[in-house]
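Trainee: Can we go through this model term by term? I want the criterion behind each label.

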Amino acid sequence: MIRGPWLAALLVATVAATGSAQQHDTTMPPGMPMRSDTTPKRTPPKPMDMPGMSAGAMTMPIPMPKGMVMMPGLVGLAPPGGTFLPGAGVDPATVPSVRPSSVVRLKDGDTLDLSATLVRRTIAGRPYVMYGFNGEVPGPLIRVPQNATITVRFHNRIDLPSAVHWHGVRLDNRYDGAVGVTQQPVAPGDSFVYHVHFPDAGIYWYHPHVREDIEQALGLFGNMIVDSPDSAYYSPANREQVLVFDDLLVNADTLIPYGKKGPDFALMGRVGNVLLVNGEPHYALSAHQGEVVRFYLTNAASSRTYNISFGGAPMKVLASDVSRFEHEERVPSVVLAPAERYIVEARFDKPGRYAIVNAVQAINHFRGEFDAEVDTLGMVTVDSSPAAPDYAGPFDALRDNAAVTRDIDRYRPYFDKPPDKRLTLTMRGNGLPIATVQFMNVDTAYYAPVEWVDGMPDMNWLSTSDQVKWILRDDATGKEDMDIDWHVTQGSVVKLELYNDPKSFHPMQHPIHLHGQRMLVVSRNGVRTTNLVWKDTILVPVGSTVDVLIDASNPGDWMLHCHIAEHLGSGMMTVLHVDPAGGGAR
Ligand SMILES: [Cu+2]
């Protein structure tokens with residue numbers, strides 16, 4: 001049920017909010033600029049073949065939604081703190097051209113050299129110096145058997161300090177790659193050796209844990225697939241595809257620079273206007289009629305939440321971050337917040353073309369309107385030769401994964417325990433432009449459970465991590481973020497309640513990620529989850545309360561943070577200390 005009703009509610013709730021939002025349009029206080037009629041006439045922006053955005057590089061420093069120009073009070077401003085783009089002083093022609101992701105199959109005891117390097121990518125016909133692992137974007141797909149331990153020798157050959165975090169993997173704490181918590185940053189030119197143990201089957205990913213808003217956004221991400229020894233672990237498929245979603249923000253042919261001192265776009269995170277699958281704008285797959293394709297989906301975007309479907313092809317969801325679901329489920333689409341993974345299967349039963357789309361509700365903060373927005377991310381072309389073998393039967397059957405249910409049964413006695421910790425998700429601004437503050441004070445008269453697109457890129461761009469403090473606040477003590485000193489004992493089952501305050505200065509959804517452990521969403525807004533799955537990243541929509549059980553099995557100091565890169569970079573993190581059972585020193 002996790003994919004069905006509550007996620008459908010995210011879309012329905014936005015539609016339901018439209019009425020009051022439109023009323024809000026007419027109740028704007030005097031003096032608040034309405035973009036469409038108080039701004040001077042300008043040259044119409046040059047239309048771009050980019051989702052929901054138009055860009056006039058000559059008139060605006062960043063792309064704005066179609067028909068909007070910058071708020072007059074913000075024109076001429078730039079985010080304080082300086083700008084950064086990689087490869088300063090390097091001739092792009094001397095940087096190796098990016099290569100597509102390779103598959104690296106490793107077994108227990110194997111070693112991999114993984115280097116973060118400069119790569120040259122071409123976007124809209126213009127070369128950019130960006131980043132890649134081993135010259136690839138996405139980085140190499142590391143495929144290992146469950147319970148393997150591998151050695152990864154990481155070499156930092158980029159122009160920023162870096163490190164590698166093994167997202168979702170319940171490994172030894174000292175190899176978690178959490179800069180500032182488990183290790184020092186790896187300086188340019190230096191190396192670090194990780195020993196990565198994979199106890200759980202599924203799809204995982206790796207990325208730096210320092211300045212994610214730059215390094216991850218510019219290409220430093222890759223997947224791991226951990227294979228169960230059980231050959232029937234998933235229902236059968238004719239082929240497998242790994243899809244990593246991310247986006248890039250460009251204005252005409254210019255990459256918008258990044259904040260040098262800290263992240264810009266600190267309010268909403270950087271929402272790109274070029275949607276990429278596996279680092280490319282045009283994903284294409286060919287298949288035979290009737291084929292079942294298993295897709296391993298990862299959202300590597302800094303801020304964007306996706307709602308993915310496959311051109312009407314029937315789809316079922318098998319698994320998410322750290323396990324399979326208790327029950328396979330038929331779904332019309334799958335929602336992925338940043339860092340979430342889902343494993344789905346789709347069956348293409350007729351010849352033709354199936355568009356892979358991201359279908360969302362866009363919010364226009366100035367007009368107080370919601371619009372349907374559908375972007376095509378790629379295409380599946382199905383020919384008329386029949387699939388062999390034909391898996392129509394197994395695809396139509398929805399399996400129960402009894403092993404998952406049996407594993408979770410041990411935790412059911414804790415589902416109704418009172419929360420051990422209640423965290424409120426909120427924010428504070430300090431030193432933001434006056435026009436932004438004035439607007440925000442009225443804008444929160446309405447909100448969307450999920451902001452699927454950036455309807456206010458000017459205000460967002462001009463907000464930095466110096467001016468915006470994103471907050472996890474411990475309700476019991478009032479302590480915030482890294483001041484929360486949260487200790488639990490290894491082996492305990494901990495209940496965490498997350499509440500996303502809709503009355504904050506800028507309410508927004510937060511994908512909350514816990515390192516090194518696994519979690520269950522036991523209820524949302526008091527409604528019990530009926531089809532459970534182990535997660536490491538949990539989407540908390542605006543105004544909602546999510547009750548989470550943490551299986552605190554893995555000792556060490558583990559980051560708990562929002563996975564929107566700019567929210568993390570604006571302080572939205574704490575540490576869960578899982579103290580070894582018996583109290584012994586580690
Ligand atoms: Cu956040």
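Predicted model: local features only at pLDDT ≥ 70, side-chain atom pairs only at ≥ 80, totals over all residues.

Trainee: What makes His510, Cys562 and His567 donor residues of the copper ion?

Mentor: Distance. Donors are N, O and S atoms within 2.8 Å of the metal (3.2 Å for Na, K and Ca). Here His510 (ND1), Cys562 (SG) and His567 (ND1) lie at 2.0 to 2.1 Å, so they meet the cut-off. Water is not among the atoms, so sites may look incomplete.

Trainee: How are the donor residues spaced in sequence?

Mentor: As H-x51-C-x4-H. The two histidines link distant parts of the chain, 57 residues apart: His510 is in strand S32 (residues 510-514) and His567 in helix H8 (residues 565-568). Helices (H or I, at least four residues) and strands (E, at least two) are DSSP runs, numbered from the N terminus.

Trainee: Why is His510 called buried?

Mentor: Buried means under 20% relative accessible area, exposed over 50%, partly exposed in between (1.4 Å probe, protein chains only). His510 has 0%, so it counts as buried. His567 is also at 0%, therefore buried.

Trainee: How do you know that strands S6 and S9 pair?

Mentor: Two strands pair if DSSP finds at least two bridges between them. Six bridges join S6 (residues 111-123) to S9 (residues 149-156), so they pair. They run parallel. Ser115 has His155 in S9 as its bridge partner.

Trainee: What makes S7 and S11 edge strands?

Mentor: The open sheet has the order S7-S6-S9-S11, with mixed pairing. S7 (126-133) and S11 (191-197) each pair on one side only.

Key: Residues numbered from 1 in each chain as written. Heavy atoms only, no water.
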